[in-house]
Amino acid sequence: MFRQSPGIKVCGLTEPANALDCLQAGADWIGLNFHPASPRFVTVERAEAILSALPTRAVAVGLFVNRPADEVREVCARLGLTRVQLHGDEPVEDVVALGEFFVIRAFRLRDASAVAAMSAYLERGERLGRSPDAVLIDAWSPACAGGTGELIADDLIDGLPPLPRLMLAGGLTAENVVARAARVRPWMVDAASGVESAPGVKDLDKVRSFVHAVRAIHP
(Lines give C-alpha, C1' and ligand atoms only; values in the text may rest on other atoms or scores of the structure.)
Protein backbone atom coordinates (compact mmCIF):
# COMPACT_ATOMS: atom_id res chain seq x y z
CA MET A 1 0.00 0.00 0.00
CA PHE A 2 1.26 3.46 -0.95
CA ARG A 3 4.55 2.21 -2.40
CA GLN A 4 4.80 4.73 -5.23
CA SER A 5 3.94 7.94 -3.42
CA PRO A 6 2.61 8.71 0.06
CA GLY A 7 -0.99 7.93 0.83
CA ILE A 8 -3.26 10.89 1.42
CA LYS A 9 -5.55 11.42 4.39
CA VAL A 10 -7.85 14.43 4.46
CA CYS A 11 -8.96 15.02 8.02
CA GLY A 12 -11.80 16.88 9.65
CA LEU A 13 -14.70 16.28 7.26
CA THR A 14 -18.04 17.53 8.48
CA GLU A 15 -20.41 17.18 5.52
CA PRO A 16 -21.37 14.04 3.55
CA ALA A 17 -21.06 15.58 0.08
CA ASN A 18 -17.74 17.22 0.92
CA ALA A 19 -16.32 13.91 2.19
CA LEU A 20 -17.41 12.10 -0.96
CA ASP A 21 -15.93 14.83 -3.14
CA CYS A 22 -12.58 14.53 -1.35
CA LEU A 23 -12.45 10.80 -2.02
CA GLN A 24 -13.36 11.36 -5.64
CA ALA A 25 -10.61 14.00 -5.85
CA GLY A 26 -8.06 11.36 -4.87
CA ALA A 27 -7.86 11.18 -1.07
CA ASP A 28 -7.17 7.65 0.15
CA TRP A 29 -8.60 8.11 3.64
CA ILE A 30 -10.82 10.64 5.35
CA GLY A 31 -10.76 11.59 9.00
CA LEU A 32 -13.72 12.22 11.30
CA ASN A 33 -12.97 14.33 14.35
CA PHE A 34 -14.77 13.40 17.57
CA HIS A 35 -12.98 15.96 19.76
CA PRO A 36 -15.67 18.39 21.02
CA ALA A 37 -13.24 21.30 21.32
CA SER A 38 -12.30 21.12 17.65
CA PRO A 39 -13.98 23.36 15.03
CA ARG A 40 -14.14 20.19 12.93
CA PHE A 41 -16.00 18.19 15.56
CA VAL A 42 -18.74 15.84 14.38
CA THR A 43 -21.29 14.03 16.49
CA VAL A 44 -21.77 10.31 16.09
CA GLU A 45 -25.01 11.05 14.27
CA ARG A 46 -23.28 13.39 11.82
CA ALA A 47 -20.55 10.80 11.30
CA GLU A 48 -23.23 8.22 10.47
CA ALA A 49 -24.62 10.54 7.82
CA ILE A 50 -21.18 11.10 6.33
CA LEU A 51 -20.30 7.42 6.25
CA SER A 52 -23.63 6.45 4.74
CA ALA A 53 -22.87 8.73 1.77
CA LEU A 54 -19.54 7.03 1.03
CA PRO A 55 -18.87 3.90 -1.02
CA THR A 56 -18.38 0.75 1.02
CA ARG A 57 -14.69 0.60 0.07
CA ALA A 58 -14.01 4.06 1.55
CA VAL A 59 -11.57 4.22 4.46
CA ALA A 60 -12.46 6.47 7.38
CA VAL A 61 -10.46 7.15 10.54
CA GLY A 62 -12.01 8.21 13.83
CA LEU A 63 -9.96 10.85 15.67
CA PHE A 64 -10.20 11.01 19.46
CA VAL A 65 -8.46 13.13 22.08
CA ASN A 66 -8.01 11.72 25.57
CA ARG A 67 -11.15 9.60 25.54
CA PRO A 68 -11.38 6.29 27.46
CA ALA A 69 -10.59 3.26 25.34
CA ASP A 70 -14.04 1.80 26.03
CA GLU A 71 -15.69 4.94 24.67
CA VAL A 72 -13.52 4.86 21.55
CA ARG A 73 -14.45 1.23 21.02
CA GLU A 74 -18.16 1.95 21.48
CA VAL A 75 -18.17 4.80 18.95
CA CYS A 76 -16.21 2.81 16.41
CA ALA A 77 -18.44 -0.24 16.82
CA ARG A 78 -21.54 1.86 16.21
CA LEU A 79 -20.03 3.39 13.07
CA GLY A 80 -18.16 0.36 11.76
CA LEU A 81 -14.79 2.10 11.97
CA THR A 82 -11.67 -0.06 12.07
CA ARG A 83 -9.07 2.73 12.24
CA VAL A 84 -8.62 5.11 15.14
CA GLN A 85 -6.32 8.09 15.67
CA LEU A 86 -5.33 8.95 19.23
CA HIS A 87 -4.39 12.63 19.13
CA GLY A 88 -4.00 13.54 22.78
CA ASP A 89 -1.92 12.26 25.68
CA GLU A 90 -3.21 8.70 25.63
CA PRO A 91 -0.93 6.21 27.39
CA VAL A 92 0.56 3.17 25.66
CA GLU A 93 -1.94 1.08 27.57
CA ASP A 94 -4.73 2.58 25.45
CA VAL A 95 -2.98 1.35 22.30
CA VAL A 96 -2.84 -2.10 23.89
CA ALA A 97 -6.51 -1.92 24.91
CA LEU A 98 -7.53 -1.03 21.36
CA GLY A 99 -5.62 -3.92 19.88
CA GLU A 100 -8.41 -4.92 17.50
CA PHE A 101 -8.10 -1.60 15.64
CA PHE A 102 -5.52 -0.10 13.32
CA VAL A 103 -4.22 2.51 15.76
CA ILE A 104 -2.57 5.74 14.67
CA ARG A 105 -0.84 7.47 17.56
CA ALA A 106 -0.29 11.19 16.98
CA PHE A 107 2.54 13.14 18.56
CA ARG A 108 2.62 16.94 18.61
CA LEU A 109 6.24 17.92 18.43
CA ARG A 110 7.05 21.08 20.35
CA ASP A 111 10.79 20.60 20.85
CA ALA A 112 13.55 18.00 21.04
CA SER A 113 12.23 16.72 24.36
CA ALA A 114 8.94 15.86 22.65
CA VAL A 115 10.81 13.77 20.08
CA ALA A 116 12.63 11.97 22.90
CA ALA A 117 9.33 11.36 24.70
CA MET A 118 7.85 9.95 21.49
CA SER A 119 10.75 7.54 21.13
CA ALA A 120 10.38 6.43 24.75
CA TYR A 121 6.64 5.91 24.22
CA LEU A 122 7.25 3.73 21.17
CA GLU A 123 9.92 1.72 22.98
CA ARG A 124 7.47 1.05 25.79
CA GLY A 125 4.91 -0.09 23.25
CA GLU A 126 7.41 -2.57 21.85
CA ARG A 127 8.07 -3.91 25.33
CA LEU A 128 4.34 -4.36 25.89
CA GLY A 129 3.99 -6.12 22.55
CA ARG A 130 1.65 -3.56 20.98
CA SER A 131 3.14 -0.63 19.13
CA PRO A 132 0.94 1.81 17.19
CA ASP A 133 0.24 0.64 13.66
CA ALA A 134 1.21 4.10 12.38
CA VAL A 135 2.81 7.19 13.92
CA LEU A 136 1.55 10.64 13.00
CA ILE A 137 3.66 13.71 13.70
CA ASP A 138 1.97 17.09 14.00
CA ALA A 139 2.92 20.58 15.06
CA TRP A 140 2.39 21.64 18.65
CA SER A 141 0.09 24.52 19.43
CA PRO A 142 -1.22 25.81 22.76
CA ALA A 143 -4.52 26.62 21.07
CA CYS A 144 -5.80 23.17 20.17
CA ALA A 145 -4.85 19.57 19.57
CA GLY A 146 -4.44 19.85 15.80
CA GLY A 147 -5.56 21.40 12.55
CA THR A 148 -3.87 24.70 13.37
CA GLY A 149 -1.97 25.18 10.13
CA GLU A 150 1.30 25.33 12.05
CA LEU A 151 4.40 23.66 10.60
CA ILE A 152 6.66 21.32 12.53
CA ALA A 153 10.02 23.01 13.02
CA ASP A 154 12.59 21.97 10.43
CA ASP A 155 15.17 20.89 13.01
CA LEU A 156 12.66 18.53 14.60
CA ILE A 157 11.73 17.03 11.25
CA ASP A 158 15.37 16.53 10.37
CA GLY A 159 16.18 14.93 13.73
CA LEU A 160 13.49 12.25 13.69
CA PRO A 161 14.46 8.62 14.23
CA PRO A 162 13.39 6.11 11.58
CA LEU A 163 9.65 5.54 11.94
CA PRO A 164 7.74 2.84 10.04
CA ARG A 165 4.40 3.97 8.67
CA LEU A 166 5.11 7.60 9.43
CA MET A 167 2.22 9.97 8.76
CA LEU A 168 3.24 13.58 8.26
CA ALA A 169 0.85 16.37 9.26
CA GLY A 170 1.26 19.97 10.37
CA GLY A 171 0.20 22.76 8.05
CA LEU A 172 0.57 20.81 4.82
CA THR A 173 -0.57 22.49 1.60
CA ALA A 174 -0.14 21.85 -2.11
CA GLU A 175 2.66 24.40 -2.06
CA ASN A 176 4.78 22.86 0.71
CA VAL A 177 3.95 19.14 0.83
CA VAL A 178 6.64 18.04 -1.63
CA ALA A 179 9.43 19.81 0.24
CA ARG A 180 8.12 18.68 3.64
CA ALA A 181 7.77 15.08 2.52
CA ALA A 182 11.28 15.07 1.06
CA ARG A 183 12.63 15.53 4.59
CA VAL A 184 11.04 12.42 6.09
CA ARG A 185 9.70 10.26 3.21
CA PRO A 186 6.37 9.60 4.94
CA TRP A 187 4.10 6.64 4.42
CA MET A 188 1.12 9.02 4.35
CA VAL A 189 0.50 12.75 4.48
CA ASP A 190 -2.40 14.26 6.40
CA ALA A 191 -4.04 17.56 5.49
CA ALA A 192 -6.77 19.54 7.22
CA SER A 193 -6.57 23.34 7.35
CA GLY A 194 -4.28 23.49 4.33
CA VAL A 195 -7.05 22.31 2.00
CA GLU A 196 -9.95 24.24 3.55
CA SER A 197 -12.03 27.29 2.79
CA ALA A 198 -13.28 27.24 6.42
CA PRO A 199 -12.77 24.83 9.34
CA GLY A 200 -14.36 21.54 8.33
CA VAL A 201 -15.13 22.68 4.79
CA LYS A 202 -12.67 21.39 2.21
CA ASP A 203 -11.95 23.49 -0.86
CA LEU A 204 -11.98 20.98 -3.70
CA ASP A 205 -9.58 23.00 -5.84
CA LYS A 206 -7.10 22.92 -2.95
CA VAL A 207 -7.72 19.20 -2.41
CA ARG A 208 -7.12 18.45 -6.09
CA SER A 209 -3.95 20.54 -6.12
CA PHE A 210 -2.75 18.77 -2.97
CA VAL A 211 -3.43 15.35 -4.44
CA HIS A 212 -1.66 16.30 -7.69
CA ALA A 213 1.40 17.46 -5.76
CA VAL A 214 1.57 14.33 -3.62
CA ARG A 215 1.13 11.96 -6.56
CA ALA A 216 4.24 13.48 -8.10
CA ILE A 217 6.31 12.35 -5.09
CA HIS A 218 8.28 9.15 -5.63
CA PRO A 219 10.45 7.15 -3.21
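Biologist: What makes strand S2 and strand S3 a pair, and in which sense do they run?

Modeller: Two strands pair if DSSP finds at least two bridges between them. S2 (residues 29-33) and S3 (residues 59-64) have five bridges, in the parallel sense, so they meet that rule. Strands here are DSSP runs of E with at least two residues, helices are runs of H or I with at least four, and both are numbered from the N terminus. This is a predicted model, in which local features need pLDDT of at least 70 and side-chain atom pairs count only at pLDDT 80 or more, while totals for chains, interfaces and linings use all residues. Residues are numbered from 1 along each chain as its sequence is written, and side-chain values use heavy atoms, leaving out hydrogens and water.

Biologist: In what order do the strands close into a barrel?

Modeller: Eight strands close in the order S1-S2-S3-S4-S5-S6-S7-S8, with parallel pairing. From one strand to the next the twist averages 25°; axes are lines fitted to C-alpha atoms (for helices over the stretch in contact), and angles run from 0 to 180 degrees between N-to-C directions.

Biologist: What makes the crossover from S3 to S4 right-handed?

Modeller: The term applies if, with the strands pointing away from the viewer, the path from the first strand over the helix to the second runs clockwise. The chain goes from S3 through helix H3 (residues 69-79) to S4, and this β-α-β crossover is right-handed. S3 and S4 themselves pair in the parallel sense over four bridges, with glycine 62 opposite valine 84 in S4.

Biologist: How do you know that both faces of strand S4 are covered?

Modeller: Buried means under 20% relative accessible area, exposed over 50%, and partly exposed in between (1.4 Å probe, protein chains only). In S4 (residues 83-86), Arg83 and Gln85 on one side are buried, as are Val84 and Leu86 on the other.

Biologist: Why are cysteine 22 and cysteine 76 called buried?

Modeller: Cysteine 22 has a relative accessible area of 0%, and cysteine 76 has 1% relative accessibility. Both values are under 20%, so both residues count as buried.
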